[in-house]
Amino acid sequence: MFHPDLMRHPDSCPALVLNADYTPLSYYPLSVWPWQTAVKAVFLDRVDIVSHYEREVRSPNFALKLPSVIALKSFVKPSQFPAFTRFNLFLRDRFSCQYCGTHRDLTFDHVIPRAYGGRTTWENVATACAPCNLKKGGRTPREAHMPLHVEPIRPTSWQLQDHGKSFPPNYLHDTWRDWLYWDVELEA
């Protein structure tokens, strides 16, 4: 019987990585491993295979269906607060300018300008589009008459993961859906 997975190149068979409690390690970016890393972790007995592709890899004396979902055997405790990075900042602000709401040409803005002693911290940096950033210039939002939609805060890792669920990845294998969307309403 023909199955679409059989035609896949192994490089297009990543494994979704779940923590030991069977929750995704990360939603955005989605925590996936290339097939080679997943197979190595299986042989090192660091993961359990939860589901697999129909695609096999073979050696002269062994065949293994490529894992599509794996769970770590040891629980990895997520950090409470994420690193302050451009990507995490954009994710906190849902990839939209905090002044006009556009999703294009994003950069970041110091709410209290550095010239006024403003620091580069979660609480003082907001996502802004280039035109709004240029328009605001070296002024405060009040001076520029440009109120923020949401005041910047230091997010928790949970908040960023929750925001990440709003941005589904480009690729989802059918075997991943049960593990990524366990909090959606069930059909009657």
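This is a predicted model: local features need pLDDT of at least 70, side-chain atom pairs count only at pLDDT 80 or more; totals for chains, interfaces and linings use all residues.

1. Start at Arg-58: its bridge partner is Ala-63, which lies in strand 4. Strand 3 and strand 4 pair in the antiparallel sense, over 9 bridges.

2. Stepping back to the sheet, there are 4 strands in the order 2-1-4-3; the sheet is open and its pairing is mixed. Strand 2 (32-33) and strand 3 are the edge strands: each has a single partner strand, so one side of each has no neighbour in the sheet.

3. Helix 1 packs on this sheet and touches strand 1, strand 2, strand 3 and strand 4. The direction of helix 1 makes about 90° with that of strand 4.

4. The largest nonpolar core has 16 residues, and Leu-16, Leu-30, Leu-66, Trp-176 and Leu-180 have the most contacts inside it. At least two residues of this core come from each of strand 1 (15-18), helix 1 (35-43), strand 3 (47-59) and strand 4 (62-72). Strand 4 gives the largest share, 4 residues.

5. Please look at the second core too: it is separate, has 10 residues, and includes Cys-132, Ala-144, Met-146 and Leu-148.

6. A word on confidence. The protein chain averages a pLDDT of 88, and 90% of the residues score at least 70. Residues 182-186 are a stretch to treat with care: pLDDT stays under 50 there, and the model has 3 contacts beyond four places in sequence for these residues.

Methods
Residues are numbered from 1 along each chain as its sequence is written. Side-chain values use heavy atoms; hydrogens and water are left out. pLDDT is the predictor's confidence in each residue, from 0 to 100. Contact means heavy atoms within 4.5 Å. A nonpolar core is a set of buried Ala, Val, Leu, Ile, Met, Phe, Trp, Tyr and Cys residues joined through side-chain atoms within 4.5 Å. Buried means under 20% relative accessible area, exposed over 50%, partly exposed in between (1.4 Å probe, protein chains only). Two strands pair if DSSP finds at least two bridges between them. Axes are lines fitted to C-alpha atoms, for helices over the stretch in contact, and angles run from 0 to 180 degrees between N-to-C directions.
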